[in-house]
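Hello,

Here is the structure I promised to pass on to you. My notes on it follow below.

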Amino acid sequence: MAAPEAAARKRRLKGQFAARAKRPRGGGRQLEAGMRGILITCNMNERKCVGEAYSLLGEYGDLLYGPEQLPEPAERLSGSEREEEEEDDAEAALKKEVGQIRASTERQLRRFQSVESGANNVVFIRTQGVEPENLVHHILKDIHTTKKKKTRVILRMLPISGTCKAFLEDMKKYTETFFEPWFKAPNKSTFQIVYKARNNSHMNREEVIKELAGIVGSLNPENKVDLNNPQYTVVVEIIKNVCCLSVVRDYVLFRKYNLQEVVKSNKEDMQQNPSNVSEEQNSAAKPETMEENLKEAKQEQE
């Protein structure tokens, strides 16, 4: 390569590098409005939780959607380019940065990709080409049936079918459309709303539940609240300024979507003692108490 051409190319690469350095880091790698995925709580070991999540989701994702088609690896550098890297360390560093950009783009195309959740002991796995509610329900149904423990640090696994900004007006506008597949006439269902907020102090729990319940009722007045054994549970998880939403089935049966508790539950005993079933369901379906919220908050702070 002629010296003038090499110098011009170097200047272009430096300009690209400088422009990238000015952009905020973490773009697309942190939880934000517009994402879909799976919210996972864990017990003090987020790195191991991510590993377990990839393993579990990969196993069931392949069963439901077939093997993942991975993107082609970035093109290898040619021999002449390798020689230039050896001759010019600065240009080698710039090429390494380009390679990192390519790798980042490939990660964004993956079926499951961990992003920063914004809260301790909480992992968010963004999904591509996957229905989070169907996938998580399938996992819990299988674990509930087989009683086979498949995770050690994962506690709850909640599908997140939609996200919006965590401000009441944004949530009201978003849910007017989001709730339609489950609650808009002629559909009618019994439901409950469960609410959890982390690292957010400007939202009011009672106000959010009241407004969202009103929207469900406006879609069909025959939708009714049932805190014992509802057909659907509206899950509202707020982290910082992002509201994560889903409408799930079998929330009571699957012990609030807790993988550890689902394994412990004894299906045969429940069938033999229906009175105990009703009592268990009533206990599981009640909104989280103040003591439970304080306990969870303490765990997050630790």
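**Tyr-65 and its surroundings**

Tyr-65 is partly exposed, as its relative accessible area is 31%. This tyrosine belongs to helix H2, which covers residues 46-65. Together with Leu-63 and Leu-64, Tyr-65 makes a nonpolar surface patch of about 280 Å².

Before you go further, please keep in mind that this is a predicted model. The mean pLDDT of the chain is 80, and 66% of its residues reach 70 or more. Over residues 16-28 the pLDDT is below 50, and in the model this stretch has 8 contacts beyond near neighbours in sequence. Another such stretch is residues 271-302, where pLDDT stays under 50 and the model has 32 contacts beyond four places in sequence. Where pLDDT is low, the predicted coordinates should not be read in detail.

**The chain as a whole**

The chain has 302 residues, and 40% of them count as buried. Its secondary structure consists of 12 helices and 9 strands. If you take the contacts between residues at least 6 apart in sequence, 80% of them join residues at least 24 apart. The accessible surface of the chain is about 17300 Å², and carbon and sulfur atoms account for 48% of that.

**Helix H5 and Glu-133**

Helix H5 runs over residues 132-146, and Glu-133 is found in it.

The buried residues of H5 are Pro-132, Glu-133, Leu-135, Val-136, His-137, Ile-139, Leu-140, Ile-143 and His-144. An α-helix has 3.6 residues a turn, so residues three or four places apart point the same way.

Is Glu-133 buried or exposed? Glu-133 has a relative accessible area of 11%, and buried means under 20%, so this glutamate counts as buried. Which residues does Glu-133 touch, leaving aside those up to four places away in sequence? They are Pro-159, Ser-161, Val-247, Val-248, Arg-249 and Tyr-257.

I hope this gives you a handy way into the model.

Best wishes

How values were computed: Residues numbered from 1 in each chain as written. Predicted model: local features only at pLDDT ≥ 70, side-chain atom pairs only at ≥ 80, totals over all residues. Heavy atoms only, no water. Patch = residues over 30% accessible without salt bridge, like charges linked within 9 Å, V, L, I, M, F, W, Y side chains within 5 Å. Areas by Shrake-Rupley, 256 points an atom, 1.4 Å probe, with all protein chains shown as cover. Salt bridge = Lys/Arg side-chain N within 4 Å of Asp/Glu carboxyl O. Helix = DSSP H or I, 4+ residues; strand = E, 2+ residues; numbered from the N terminus. Buried < 20%, exposed > 50% of the residue type's maximum accessible area, 1.4 Å probe, protein only. Contact = heavy atoms within 4.5 Å. pLDDT = per-residue confidence, 0-100.
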